[in-house]
Amino acid sequence: MSGLLDRAAGVASTALDPICRVMSGSDPIHVVGGGLAGSEAAWQIAEAGLPVVLHEMRPLRGTEAHQTDGLAELVCSNSFRSDDAELNAVGLLHQEMRRLGSLIMRCGDANQVPAGGALAVDREGFSRAVTAALEAHPNVRIAREEIDGLPPASWDSVIVATGPLTAPGLAEGIRGLTGAESLAFFDAIAPIVHRDSIDMGKAWFQSRYDKAGPGGTGADYINCPLDREQYAAFIAALVEGDKTSFKEWEASTPYFDGCLPIEVMAERGPETLRHGPMKPFGLTNPHNPTVKAYAIVQLRQDNALGTLYNMVGFQTKLRHAEQVRIFRTIPGLENAEFARLGGLHRNTYLDSPRLLDATLRLKAEPRLRFAGQITGCEGYVESAAIGLMAGRFAAAERQGRSLEPLPVTTALGALIGHITGGHVSAEEAGAPRSFQPMNVNFGLFPPLDRAPKAPDGKRLRGTEKAQAKKRALTDRARASLSEWLGEEPAPLPAAAE
C-alpha cells in the first residue's frame, strides 16, 4: 500500500500528463473510479492490449463509507452471495464472469472464506489482490486524483464508474450535461463483531439446512437464538432506538428494498424480521435441540483469519451507542466487541433507461460510458459485471471492432437489458418514474419457450417445477453465452447431466 501513497503524493494533472498519450503508442481509455466496476473495466481494457488510466480519488479525498485507499474495497457485506450456477441468478452471473476472464471473480475465488452456499471473501485480502494485479499490469496506470466535474474534452473514451458515492463536482457535471435529475436512495452498512467476544455457550456454528458453499463445511455461520419474549423486546428496542437524522434535502429519498436498515424492516411489522434476516428455519440449536428458536441472528465470517464476523442483514441507521446497547441484548452477543458499527450513506444512480444506449454510452455525449452502481444495478457482483462489459465495449470501439450486445438470455445480458431498456415506455406515457436499482434475478430473463416437464412428460408442480425452470434458464444462458463467444457450449455440472 505504501507504493500507492507514494504515487498519490506525486501525481500530476492527468489532463496534461504526456504519459497518457505515449502508453503503448495510442491514447489511453480513462476509467474514473477504482471500485469493483472501475477495477474490472480497467482490467478488461488492459487485457485487450490497450492502455488505460484508472483514476481513483482516495486517499486524496475520502468518502462516507470507505476506510482504506485500496482498489475494489468492500464497504458493506463481504459476500458475493450465492455461487450456485444452477439454481441462482447471481451464481450464474459468477460463472459467466469467470468465463469472460473477470479479475474480480479471480481475486474473489482466491480470497474466499467459509459462507455456506455463498461466495464470501476476506475483504482486505481481496482488495490487496485486485490492487496488486492492476499495479502490475503493463497497460495500466493508476492516477490518484479527483476528477472534479466532467472529464476533459480531450479524453475521447471515458468510463465513469464512480459508484453510488460520486463526488459532488462530477455528479453536478453529469446532471448539467443530461438535463435529468439523478435519483437517490439510502444504503446502510452492517456491524462487524470480533469472533472471540461471541459467547459460544449460547451461539453455535451451522449453515441453514447444513448447506456447504465454496470453501465451506455446512457449519459456516454463527447463530444466536431468541425466544418469543426476547424477540419482542428486541423489535421494540429497534423501533424506539435513537436513529441518525436526515438533512432536509434527504428526507424524501427512498431506500433500496434489497438493503433496508433493520429498524426500517422492524417498523413494517413485528414479524417482518422473523421472515427476513432473522428467520429461524433450517437451524437446530445443539445447546437445546428440542426447543426451536423463535428467531435467529446469523453472523458470517468476514476475514480469512476468522477473527471477524458480520451481522447478516443488520444494515442500520441507529446511532452507534444505540447499536451497542441494543445488539448486546441478543443472546451470545452480550459482551460483543465491534470492529465496525453500522452506518448510513446516500447513494445516487442515473435514470439509465433514458440516458444510456445499449453499450452503456451516454446518449448526450457518447465518449462517456457508465458502469457499476451509478447505472442502477445493485450489488458487488452486478457492479463488477457492468464494469466488465463497459470495458469490453470501450476496448472494441477503440480497436474498430463490432461487439455484439450480449443475448438477453444470459445473466449479463439480462442485467444490461434492465439498465438500458427498462421502464421507458411507462414514463413516456406519463406514469411516475419507476426505474430502481436491481440485483440480478431470474425475473429479468425472457421467459422460456415452453415449461419444463418431468421425464415421463407429466407437468411438474411446486418446488420441482420451480427448480426445473431455473435449470432450464441457466442451461439456456450457458448455451447463449457460448454462441456469443463462438465457443462450444460449456459442459453442464455433473448434477445437471
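## Helix packing and selected residues in a predicted model

Within helix α5, the residues that count as buried are Leu103, Ile104, Met105, Cys107 and Gly108. At its N-terminal end, α5 is capped by Ser102, a side-chain oxygen of which lies 3.2 Å from the backbone nitrogen of Ile104.

The chain as a whole has 497 residues, of which 56% are buried, and its secondary structure comprises 15 helices and 17 strands. When contacts between residues at least 6 apart in sequence are considered, 72% of them join residues that are at least 24 apart.

### Two helix pairs

Two packed helices are described by the angle between their axes and by the distance between those axes. The table sets out these values for two pairs.

| Helix pair | Axes come within | Crossing angle |
|---|---|---|
| α5 (residues 103-110) and α6 (residues 123-136) | 9 Å | roughly 135° |
| α12 (residues 380-398) and α13 (residues 411-421) | 10 Å | roughly 90° |

How are α5 and α6 oriented to each other? With a crossing angle of roughly 135°, these two helices are oblique to each other, and their crossing is right-handed. On the α5 side the contact is made by Leu103, Ile104, Arg106, Cys107 and Gly108, while α6 contributes Phe126, Ala129, Val130, Ala133 and Leu134. Sorted by class, this contact of α5 with α6 has 8 nonpolar residues, 1 polar residue and 1 charged residue. Leu103, Ile104, Cys107 and Gly108, which take part in the contact with α6, are also among the buried residues of α5.

For the second pair, the axes of α12 and α13 cross at roughly 90°, which makes α12 roughly perpendicular to α13. Here Glu382, Ala385, Ile386, Met389 and Phe393 of α12 meet Leu412, Leu415, Ile416 and Ile419 of α13. By class, the contact of α12 with α13 has 8 nonpolar residues, no polar residues and 1 charged residue.

Helix α13 also holds Gly417, which counts as partly exposed because its relative accessibility is 29%. Although Gly417 and Ala358 are separated by 59 residues in sequence, their C-alpha atoms are 7.7 Å apart in space.

### Helix α7 and Arg175

The buried residues of α7 are Leu170, Ala171, Gly173, Ile174, Arg175 and Thr178. What do these buried residues pack against? Their partners are the strands β1 (29-32), β7 (158-160), β16 (361-362) and β17 (365-370), together with the helix α11 (352-355).

Arg175, which is found in this helix of residues 168-178, has a relative accessibility of 19% and therefore counts as buried, since the cut-off for that class is under 20%. The side chain of Arg175 makes a polar contact, at 2.4 Å, with the side chain of Glu172. Following α7 comes Gly179, whose phi is positive, near 75°.

Arg81 has a phi near 70°, which is a positive value in a residue other than glycine; the residue has its place in strand β3 (residues 79-82), and at 27% relative accessibility Arg81 counts as partly exposed. Asp210, likewise a residue other than glycine, has a positive phi near 60°, and is found in the loop between β10 (204-205) and β11 (221-226).

### A buried threonine in a loop

A polar atom of the Thr316 side chain lies 2.9 Å from the backbone nitrogen of Leu318. Leaving aside residues up to four places away in sequence, Thr316 touches Ala188, Ile189, Pro261, Ile262, Glu263, Gln323, Gly342, Gly343 and Leu344.

Technical notes:
Residues are numbered from 1 along each chain as its sequence is written. This is a predicted model: local features need pLDDT of at least 70, side-chain atom pairs count only at pLDDT 80 or more; totals for chains, interfaces and linings use all residues. Side-chain values use heavy atoms; hydrogens and water are left out. Helices (H or I, at least four residues) and strands (E, at least two) are DSSP runs, numbered from the N terminus. Buried means under 20% relative accessible area, exposed over 50%, partly exposed in between (1.4 Å probe, protein chains only). A polar contact is a pair of N or O atoms within 3.5 Å; within protein, one must be able to donate a hydrogen and the other to accept it, and residues adjacent in sequence count only if both atoms are side-chain atoms. Axes are lines fitted to C-alpha atoms, for helices over the stretch in contact, and angles run from 0 to 180 degrees between N-to-C directions. Angles under 35 degrees count as roughly parallel, over 145 as roughly antiparallel, 65 to 115 as roughly perpendicular and the rest as oblique. A crossing is left-handed if the near helix is turned anticlockwise from the far one by less than a right angle, and right-handed if clockwise. Contact means heavy atoms within 4.5 Å. Ala, Val, Leu, Ile, Met, Phe, Trp, Tyr, Cys and Pro count as nonpolar, Asp, Glu, Lys and Arg as charged, and the others, Gly among them, as polar.
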